[in-house]
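Grab the structure and work through them one step at a time.

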Amino acid sequence: MQPESPPRRPLLVANWKMNGLHGDGLARASALAHHAASGDCAGDIVVCPPATLLFALRAVFAGTRIALGGQDCHVSAEGAHTGDVSAAMLADAGCAYVIVGHSERRASHGESNAWVAGKSAAAHAAGLTAIVCVGESAAERDAGRALAVIGRQVEDSLPAGATPGNTAIAYEPVWAIGSGRTPGPADIEAAHAEVRSGWERQFSGSGAALRVLYGGSVTARNAGDILDAPGVDGVLVGGASLSADAFWQICQACR
Ligand code: PGA
């Protein structure tokens, strides 16, 4: 417990993943913009749509409090990387944030911690805030290795030059993503403390200002309890963010 720590402004992130065509994506974004214009939320709101929708959503969110983010970026600024999107391209499309190292990319694209650190560095070079994802698998948790895995991922997935101003870390246990299962508050608190310790081991002294988000089966029902857990500075929301109403309820659960 560090009661003297400075307050950290919560970060509420919607990760639409590979969901949203032009019509329904615009409708969802417009509904969320409408909520944000008429209601209250104590945090910073970020929507990470598929890359195809970025320019269209930039227009929808212009003049609102909602920021745009990418779901991934390449380590290079440009070049022969068929199918990839660079951080500079995301910034050009209006993004202020980018998710890197999501477990779905670590699993299906073979992304290592070092590769994720390279992506974070690319994000920083483009002026983006990197939201770096870490989290243990079910087998690692069952083997009692969850905190060791999290600490190692934090230490190895961050580039030199990472600061609490250009980086947030999302703790997302792999087994909780899309499963409807979440860790208890004590496990979330322990994981977030380990994230902050891992940061401190690498960048001594600045961990108190770092925003550590929780992700994995966050819903409008459980968001209040999760956001109230010690050390939780926001949430990264997948499935529930596909409903503007549900995601806005999550934003409002942030006190
Ligand atoms: P979920 O996904 O909310 O659908 O569990 C979270 C994430 O993968 O970022």
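**Exercise 1.** Work out how helix H1 and helix H2 sit against each other, starting from their axes.

*Solution.* Start with the axes: those of H1 (residues 22–38) and H2 (residues 54–61) come within 10 Å and cross at roughly 25°. Helices here are DSSP runs (H or I, at least four residues), numbered from the N terminus. Axes are lines fitted to C-alpha atoms over the stretch in contact, with angles running from 0 to 180 degrees between N-to-C directions. Angles under 35 degrees count as roughly parallel, so H1 and H2 are roughly parallel to each other.

Next, the hand: H1 and H2 make a right-handed crossing (the near helix is turned clockwise from the far one by less than a right angle). On the H1 side the contact uses His22, Gly25, Leu26, Ala29, Ser30 and Ala33, and on the H2 side Ala56, Leu57, Val60 and Phe61; contact means heavy atoms within 4.5 Å. Last, sort them by class: seven are nonpolar, three polar and none charged. Nonpolar covers Ala, Val, Leu, Ile, Met, Phe, Trp, Tyr, Cys and Pro, charged covers Asp, Glu, Lys and Arg, and the others, Gly among them, are polar.

Before you go on, two notes. This is a predicted model, where local features need pLDDT of at least 70 and side-chain atom pairs count only at pLDDT 80 or more, while totals for chains, interfaces and linings use all residues. Residues are numbered from 1 along each chain as its sequence is written, and side-chain values use heavy atoms, with hydrogens and water left out.

**Exercise 2.** Find the residues through which H1 meets H10.

*Solution.* The axes of H1 and H10 come within 9 Å, crossing at roughly 35°. That crossing is right-handed. From H1, take Arg28, Ala31, Leu32, His35 and Ala36; they meet Ala244, Asp245, Phe247 and Trp248 of H10. Sorted by class, this gives six nonpolar, one polar and two charged residues.

**Exercise 3.** Which residues line the largest cavity?

*Solution.* A cavity is a set of points on a 1 Å grid over the protein atoms alone where a 1.4 Å probe fits but cannot get out, and lining residues have an atom within 4 Å of a point. There is one cavity of 30 Å³ or more. The largest cavity holds about 40 Å³ of space, a volume being the space filled by probe spheres set on the points, which are joined across faces, edges and corners. Its lining is Ala14, Trp16, Arg28, Ala29, Leu32, Ser241, Ala244 and Phe247. H1 and H10 (244–252) are the elements giving two or more residues to that lining, and H1 gives the most, with three. Six of the lining residues are nonpolar, one is polar and one is charged.

**Exercise 4.** Describe how H7 passes H8.

*Solution.* H7 (residues 146–156) and H8 (residues 185–202) have axes that come within 8 Å and cross at roughly 40°. The crossing is right-handed. Leu147, Ile150, Gly151, Val154 and Glu155 are the H7 side, facing Ala190, Ala191, Glu194, Val195, Gly198, Trp199, Arg201 and Gln202 in H8. The classes come out as seven nonpolar, three polar and three charged.

Key. Angles under 35 degrees count as roughly parallel, over 145 as roughly antiparallel, 65 to 115 as roughly perpendicular and the rest as oblique. On a 1 Å grid over the protein atoms alone, a cavity is a set of points where a 1.4 Å probe fits but cannot get out, and a pocket is an open set with protein on both sides within 12 Å along at least five of seven lines; lining residues have an atom within 4 Å of a point.
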